Amino acid sequence: MLRILIADDHVVVRKGLRQILTEEFLAAHIGEAADADELFTRVLKEEWDVVITDISMPGRSGLEVLQQIRQHYPKLPVLVLSIHPEDQYAIRVMRAGASGYLNKDSAPEELVKAVHRVLLGKKYITPALAEKLAETLDQDADKLPHELLSDREFEVLKLLAAGMAVAEIAEKLALSPTTVSTYRARVLQKMNARSNADLTRYAIEHNLL
């Protein structure tokens with residue numbers, strides 16, 4: 001029996017994905033997780049053939065959990081389905097070990113196609129992502145400032161740029177305010193920015209929000 005685990009903090013999204021997958025994989029057992037911690041717990045305690053997860057969920061970073069899953073189960077296919085455009089997160093999640101990346105606006109047929117492909121042990125890459133990956137092969141020296149940030153720093157950048165306070169970010173990411181302040185300082189330094197307002201302007205100019 002095919003076993004699929006869906007992780008998303010929105011019930012409606014999980015139910016929609018379940019319906020799409022049930023229509024294609026009639027006998028599949030489909031489990032659900034509402035946040036990153038539940039996702040990792042279920043991966044550790046149960047056997048799955050494929051995981052479909054968002055990366056923006058309450059608690060720990062989805063990228064962090066992805067890396068942890070890779071450490072424990074390197075052969076488990078993890079398909080990332082996110083609201084974020086490919087040019088923001090796709091390369092990061094692929095480098096973190098994802099088997100594929102899809103935007104939530106993708107048609108149901110694309111999701112089914114992606115699941116079939118990763119179940120074969122292959123990567124699922126859209127034409128747009130393939131082009132983006134090709135562009136990065138010789139552009140390391142020409143990267144934009146935000147592309148040089150670590151995954152956690154990039155996440156903090158986006159939240160700061162969106163107007164969230166350090167305490168709010170700490171609660172959202174399950175970190176201490178001191179740790180978030182440290183990340184903020186690193187981001188400001190690497191981005192050559194003086195304030196959160198500078199980060200907001202940068203994020204708007206580069207379509208990060």
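Isoleucine 4 stands opposite valine 50 in β3, and that pair is a friendly place to start. Before going further, note that this is a predicted model, in which local features need pLDDT of at least 70, side-chain atom pairs count only at pLDDT 80 or more, and totals for chains, interfaces and linings use all residues. Residues are numbered from 1 along each chain as its sequence is written, and side-chain values use heavy atoms, with hydrogens and water left out. Helices (H or I, at least four residues) and strands (E, at least two) are DSSP runs, numbered from the N terminus.

Let us stay with the strands. β1 and β3 pair in the parallel sense over four bridges; two strands are said to pair if DSSP finds at least two bridges between them. On the β2 side, strand β1 (residues 3-7) runs parallel to its partner and is joined to it by five bridges. There, isoleucine 4 has isoleucine 30 of β2 as its bridge partner. From β3, the pairing continues to strand β4 (residues 78-82), again parallel, over three bridges, with valine 51 opposite valine 78.

Put together, five strands form an open sheet in the order β2-β1-β3-β4-β5, with parallel pairing. β2 (29-33) and β5 (100-103) are at the edges with a single partner strand each, so one side of each has no neighbour in the sheet. On average, neighbouring strands here are turned by 20° against each other, direction ignored. Such angles run from 0 to 180 degrees between N-to-C directions, with axes being lines fitted to C-alpha atoms, for helices over the stretch in contact. Helix α2 (residues 36-45) packs on the sheet and touches β1, β2 and β3 (50-53), its direction making about 140° with that of β2. Contact here means heavy atoms within 4.5 Å.

Buried means under 20% relative accessible area, exposed over 50%, and partly exposed in between (1.4 Å probe, protein chains only).

α2 also has a helical partner. α2 and α3 pack at an angle of about 10°, their axes 10 Å apart. That makes α2 roughly parallel to α3, since angles under 35 degrees count as roughly parallel, over 145 as roughly antiparallel, 65 to 115 as roughly perpendicular and the rest as oblique. Ala36, Leu39, Phe40, Val43 and Leu44 of α2 meet Val65, Gln68, Ile69 and His72 of α3. By class, this contact has seven nonpolar, two polar and no charged residues; Ala, Val, Leu, Ile, Met, Phe, Trp, Tyr, Cys and Pro count as nonpolar, Asp, Glu, Lys and Arg as charged, and the others, Gly among them, as polar.

Now turn to helix α7 (residues 151-161), which is mostly covered, with ten of its eleven residues buried. The cover over its buried residues includes α3 (62-72), α4 (86-95), α8 (166-173), α9 (177-190) and α10 (196-205). Just after α7, glycine 163 takes a positive phi of about 100°.

The loop between α6 and α7 holds leucine 149, which is buried, with a relative accessible area of 5%. Leucine 149 and valine 187 are 38 residues apart in sequence, yet 7.3 Å apart in space, C-alpha to C-alpha. Histidine 146 lies in the loop between α6 (127-136) and α7 and is buried as well, at 8%. Leaving aside neighbours within four places in sequence, histidine 146 is in contact with Arg92, Phe154, Leu157, Met191, Tyr202, His206 and Leu208.

The largest nonpolar core has 47 residues, and those with the most contacts inside it are Leu39, Ile69, Val93, Leu157, Met191 and Leu199. α7 gives the most to this core, with six residues. A nonpolar core is a set of buried Ala, Val, Leu, Ile, Met, Phe, Trp, Tyr and Cys residues joined through side-chain atoms within 4.5 Å. Not counting residues up to four places away in sequence, leucine 199 touches Leu157, Leu160, Ala161, Val187, Leu188, Met191 and Ala193. Apart from this core lies another, of 18 residues, among them Leu2, Leu17, Val115 and Val118.

Our last stop is isoleucine 20, in helix α1 (residues 11-24). Isoleucine 20 counts as partly exposed, at 23% relative accessibility.
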